[in-house]
Amino acid sequence: MSDNTIIKVSNLIKTFGSTTVLNGVSLDFERSQVTCIIGASGSGKSTLLRCMAFLETYEGGRIEIEGQLLGYVENQGIRQRASSSRIAETRRNVGFVFQHFNLWPHMTALENVAKPLWLTAGCSRQEARERGAAALEKVGLADKLSSYPIQLSGGQQQRVAIARTLAKEPHIILFDEPTSALDPEIVGEVLQVMRNLADEGMTMAVVTHEMGFAAHVANRIAFIDQGVIAVEGKPRDVLLNKDNPRLVRFLKNFFDRNNFVAA
Ligand SMILES: Nc1ncnc2c1ncn2[C@@H]1O[C@H](COP(=O)(O)OP(=O)(O)OP(=O)(O)O)[C@@H](O)[C@H]1O
Ligand SMILES: [Mg+2]
């Protein structure tokens, strides 16, 4: 593994009961690269991201975060679940932004961002407030530090959630459909924040249906289908792919639904 690999997923297998959702997924996430993950509903996109943060266990294959096996310890070929503290340590530098922002309603934007820092990241309250304010400034919310979630638009709430993740100074951020719960007119402001992060060199894995973002911001698109990464490559090559019938159908359905005219 190169020093530039932040997360290495090899032959990942994930089942729910008798259903195998991921059946040998391999994907490396290199420093400063933006990877968009696309695929049909139910294809396992969220499950893959959740495994990468060990919000789900996995049955086979490996997920390594900066060289450390995530979730398990191995002893003479036998794998056992790692202790909670070891899991927390291994995924310390992985940030996660969900579709639903899950802000604490009774706390201001600044408290939402700062509290996890002094609760779990070992910061003093003063340091947490400073880092929190800087993160909120970065997502364009310097004037909303004292606002409560109910006083913010959906786009602003999602930006608070991004700031909450950023403040932990992650080495990679996993985004699971960060704009799909938002009204169309405010999707752009969240995508712009993500684009700025990409420009600054943040490593990102983004599950999204925003094909414009995937086309223009991602370094790479991965199409997940039938439990594996069926197609992976530069955005243009993936979006204009003619060789994988399932990808062609997925894109056609997508563009028909969204009234796009294929370029
Ligand atoms: N906790 C769970 N228990 C059982 N089955 C699950 C669980 N989570 C996901 N699944 C199943 O795993 C499959 C993949 O789900 P997943 O949520 O990863 O899909 P997705 O690609 O993110 O879909 P969407 O685009 O709709 O968000 C689905 O068939 C789903 O029903
Ligand atoms: Mg999903």
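**Note on the sheet and helices of a predicted model**

1. In strand S10, the bridge partner of Phe175 is Val206. Five bridges join S9 to S10, and the two strands run parallel. Strands and helices here are DSSP runs numbered from the N terminus, with at least two residues (E) for a strand and at least four (H or I) for a helix. Two strands are said to pair if DSSP finds at least two bridges between them.

2. On the basis of the note: this is a predicted model, in which local features need pLDDT of at least 70 and side-chain atom pairs count only at pLDDT 80 or more, while totals for chains, interfaces and linings use all residues. Residues are numbered from 1 along each chain as its sequence is written, chains are lettered from A and ligands numbered from 1 in the order in which they are written, and side-chain values use heavy atoms, with hydrogens and water left out.

3. The sheet is open and has six strands in the order S8-S9-S10-S3-S11-S12, with mixed pairing. Its edge strands are S8 (94-97) and S12 (228-233), each of which pairs on one side only. From one strand to the next the twist averages 20°. S8 and S9 (residues 172-176) pair in the parallel sense over four bridges, and Phe175 in S9 is the bridge partner of Val97.

4. S3 and S10 also pair in the parallel sense, over four bridges. Here Val206 in S10 is the bridge partner of Cys36. Five of the five residues of S10 are buried, so this strand is largely enclosed by the rest of the structure; buried means under 20% relative accessible area, exposed over 50% and partly exposed in between, with a 1.4 Å probe and protein chains only. Thr203, Ala205 and Val207 point one way from S10, whereas Met204 and Val206 point the other way.

5. Helix H6 (residues 184-199) lies across S3, S9 and S10 and runs at about 145° to S10. Such angles run from 0 to 180 degrees between N-to-C directions, and axes are lines fitted to C-alpha atoms, for helices over the stretch in contact.

6. Helix H1 (residues 45-52) has six of its eight residues buried, so it is largely enclosed by the rest of the structure. The buried residues are Lys45, Thr47, Leu48, Leu49, Cys51 and Met52. Just after H1, Phe54 takes a positive phi of about 55°.

7. Which residues meet where H4 and H5 are in contact? Ala135, Leu136 and Lys138 in H4 meet Val160, Ala163 and Leu166 in H5, contact meaning heavy atoms within 4.5 Å. The axes of H4 (residues 125-138) and H5 (residues 154-166) come within 8 Å and cross at roughly 130°.

8. Ile229 is placed in strand S12 and is buried, with a relative accessible area of 16%. Leaving aside neighbours within four places in sequence, Ile229 is in contact with Val25, Ser26, Leu27, Ala222, Phe223 and Ile224. Ile229 and Asn23 are 206 residues apart in sequence, and their C-alpha atoms are 9.4 Å apart in space.

9. Thr108 lies in the loop between S8 and helix H3 (109-120). At 10% relative accessibility, Thr108 counts as buried. Its contacts, leaving aside neighbours within four places in sequence, are Leu145, Ser146, Ser147 and Tyr148.
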